[in-house]
Amino acid sequence: MSRRRGRQTLVFSALLVGLAALYWYSSGKKADVPPGINRSEVPTRFAARCSGRDIIKWAVQDLNNDGREDLIMIYRISPEKNMMRVILDLEGGFSETNEVPAPHSNQVISFRDIDRKPPMEIVVQGTRGTKFGYAIFRVEGTELTDLFGEGMEGCC
Ligand SMILES: [Ca+2]
């Protein structure tokens with residue numbers, strides 16, 4: 001085998017491995033993520049606060065407009081029930097908000113400045129079976145407040 005051909009084969013193999021990994025990753029994303037799988041990726045400073053919880057989904061964003069990133073997480077408390085809360089990274093330490101019910105499957109956390117005033121609002125959506133729901137939350141002090149939602153009873 002020529003050197004050039006060897007290199008081509010190597011590039012081709014690497015490409016195949018990459019595609020396989022991508023396929024595995026995207027197919028895994030579609031399915032319900034097994035509990036706890038994301039925990040190790042949670043930023044280190046939040047890790048201790050998350051221990052013991054089966055985290056399904058999390059995201060980092062400044063949620064109280066103090067310039068420090070906070071963590072929002074959806075976690076499983078039983079096979080049928082998920083909850084979520086925010087861990088605020090405050091100057092003097094961490095503070096946890098109250099917990100609120102979270103969607104059962106296909107959870108998506110996103111952030112929107114809905115009222116054009118800080119802090120950023122949190123949009124959470126998801127499903128349970130064929131039922132879809134979403135809700136908008138905001139952190140007020142150390143309270144996670146439900147501003148608006150639709151279909152959350154059916155999907156939480
Ligand atoms: Ca913050």
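This is a predicted model: local features need pLDDT of at least 70, side-chain atom pairs count only at pLDDT 80 or more; totals for chains, interfaces and linings use all residues.
**Exercise 1. Decide whether glycine 151 and methionine 73 are buried, partly exposed or exposed.**

Solution. Step 1: Recall the cut-offs: 20 or more C-beta neighbours within 10 Å make a residue buried, 12 or fewer make it exposed, and anything in between is partly exposed.

Step 1: Apply them to glycine 151. It is partly exposed because it has 17 C-beta neighbours inside 10 Å.

Step 2: Apply them to methionine 73. This residue has 25 C-beta neighbours inside 10 Å, so it counts as buried.

**Exercise 2. Describe the surroundings of methionine 73 and its place in the nonpolar core.**

Solution. Step 1: Start with the element. Methionine 73 belongs to strand E2.

Step 1: List the partners. Beyond its neighbours within four places in sequence, methionine 73 is in contact with Cys50, Ile55, Trp58, Met84 and Arg85.

Step 2: Widen the view. The largest nonpolar core holds 25 residues, and Met73 is among those with the most contacts inside it, together with Ile55, Leu71, Ile72 and Val86. Two or more residues each come from strands E1 (54-61), E2 (70-78), E3 (81-90), E7 (121-128) and E8 (131-140), and from helix H3 (152-155). The biggest contribution is that of E2, with five residues.

Step 3: In soluble globular proteins, nonpolar side chains tend to be buried together.

**Exercise 3. Work out the strand order of the open four-stranded sheet, then look at how E8 and E9 pair.**

Solution. Step 1: Write the order. The four strands of this open sheet run E6-E7-E8-E9, and the pairing is antiparallel.

Step 1: Pick out the edges. Strand E6 (105-112) and E9 each pair on one side only, which makes them the edge strands. From one strand to the next, the twist averages 25°.

Step 2: Zoom in on one pair. Seven bridges join E8 and E9 in the antiparallel sense. Alanine 135 faces glycine 149 in E9, and isoleucine 136 has phenylalanine 148 of E9 as its bridge partner.

Step 3: Check the turn. The hairpin of E8 and E9 has two residues between the strands, and glycine 141 there adopts a positive phi near 65°.

**Exercise 4. Summarise the whole protein chain: which elements does it have, and in what pattern?**

Solution. Step 1: Count the elements. There are three helices and nine strands in the protein chain.

Step 1: Read along the sequence. The pattern is α-α-β-β-β-β-β-β-β-β-β-α.

Step 2: Finish with two totals. Of the 156 residues in the protein chain, 23% are buried. Among contacts with a separation of 6 or more, 29% join residues 24 or more positions apart.

Notes:
Residues are numbered from 1 along each chain as its sequence is written. Two residues are in contact if their C-beta atoms, placed from the backbone, lie within 7 Å. A nonpolar core is a set of buried Ala, Val, Leu, Ile, Met, Phe, Trp, Tyr and Cys residues joined through C-beta atoms within 7 Å. Two strands pair if DSSP finds at least two bridges between them. Axes are lines fitted to C-alpha atoms, for helices over the stretch in contact, and angles run from 0 to 180 degrees between N-to-C directions.
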